Amino acid sequence: MIDREAAWGLLTEFTRSESLRKHALAVEACMRAYARKLASGSAEGQELWGVVGLLHDFDYDKYSSLDDHPYKGNEILKERGYPEEIRKAIMSHADYTGVSRDTPMEKALFACDELAGFITAVALIKPGKSLAEVDAKSVRKRMKDKAFARKVNRDDIVNGAAGLGVELDEHITFCIEALKPIADKLGLDGSATIST
């Protein structure tokens, strides 16, 4: 049932925005890395955690209001036969749903969601638009600038790391490293600044 290819198909069916697709890939990469660290690293665990990361916002492009997201997505996932484990994790990533985060996978999704977006934003303002230029210090510095990436909830980043039981700088560094292998897919490998 947990099939990355089918999950990607679902994501692209509902998500037209290139930036939202990239966000989904970024959260997926962070989730797979945490699965290796926290869920014994099994292939099944990585696939499960990765699919949760990939699909957590799949409904957002069409249903972005707080009344709809992630509720509409949950209904669609249920209709398509996705298990409760995946649906609950996705529901728990938004505080306002009131769904508790009880498992390491649920806690990791919450911890990775806002941070993956913030790391991407930091990379995009670097001269080379590259993850290679981003470190925990530069992310922490930008977190203090309330005007920068203002839609990103800094408290969610801090509380997400705490919920995982990980020091914030360690969490930031871990996620940066998780994103580097897919930097090209995210447009954060520096190639965007190379003139032809």
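The lining of the largest pocket divides into 14 nonpolar, 10 polar and 7 charged residues, where Ala, Val, Leu, Ile, Met, Phe, Trp, Tyr, Cys and Pro count as nonpolar, Asp, Glu, Lys and Arg as charged, and the others, Gly among them, as polar. The structure is a predicted model, in which local features need pLDDT of at least 70 and side-chain atom pairs count only at pLDDT 80 or more, while totals for chains, interfaces and linings use all residues. Residues are numbered from 1 along each chain as its sequence is written, and side-chain values use heavy atoms, with hydrogens and water left out.

The protein has a mean pLDDT of 94, with 97% of its residues at 70 or more; pLDDT is the predictor's confidence in each residue, from 0 to 100.

On a 1 Å grid over the protein atoms alone, a cavity is a set of points where a 1.4 Å probe fits but cannot get out, whereas a pocket is an open set with protein on both sides within 12 Å along at least five of seven lines, and lining residues have an atom within 4 Å of a point. Grid points are joined across faces, edges and corners, and a volume is the space filled by probe spheres set on the points.

| Space | Volume |
|---|---|
| Largest pocket | about 950 Å³ |
| Second largest pocket | about 150 Å³ |
| Largest cavity | about 40 Å³ |

Of the 31 residues that line the largest pocket, His23, Asp57, Asp113, Glu114 and Lys151 lie nearest its centre. Helix 6 gives the most to this lining, with 8 residues; helices (H or I, at least four residues) are DSSP runs, numbered from the N terminus.

In the second largest pocket, the lining has 5 nonpolar, no polar and 5 charged residues, and helix 2 provides the largest share, 5 residues. Among the residues lining this pocket are Arg4, Glu28, Arg32, Arg36 and Lys185.

The count of cavities of 30 Å³ or more comes to 1. His23 and Asp57 also belong to the lining of the largest cavity, together with Leu11, Thr15, Leu20, Ala24, Leu54 and Phe58, and helix 2 (residues 18-38) gives the most to that lining, with 3 residues.

**Nonpolar core**

A nonpolar core is a set of buried Ala, Val, Leu, Ile, Met, Phe, Trp, Tyr and Cys residues joined through side-chain atoms within 4.5 Å, buried meaning under 20% relative accessible area with a 1.4 Å probe, protein chains only. The largest such core holds 61 residues, of which Met31, Trp49, Leu55, Ile119 and Val139 touch the most other members. Helix 6 (residues 104-124) supplies the largest share of this core, 12 residues.

Conventions: Helices (H or I, at least four residues) and strands (E, at least two) are DSSP runs, numbered from the N terminus. Buried means under 20% relative accessible area, exposed over 50%, partly exposed in between (1.4 Å probe, protein chains only).
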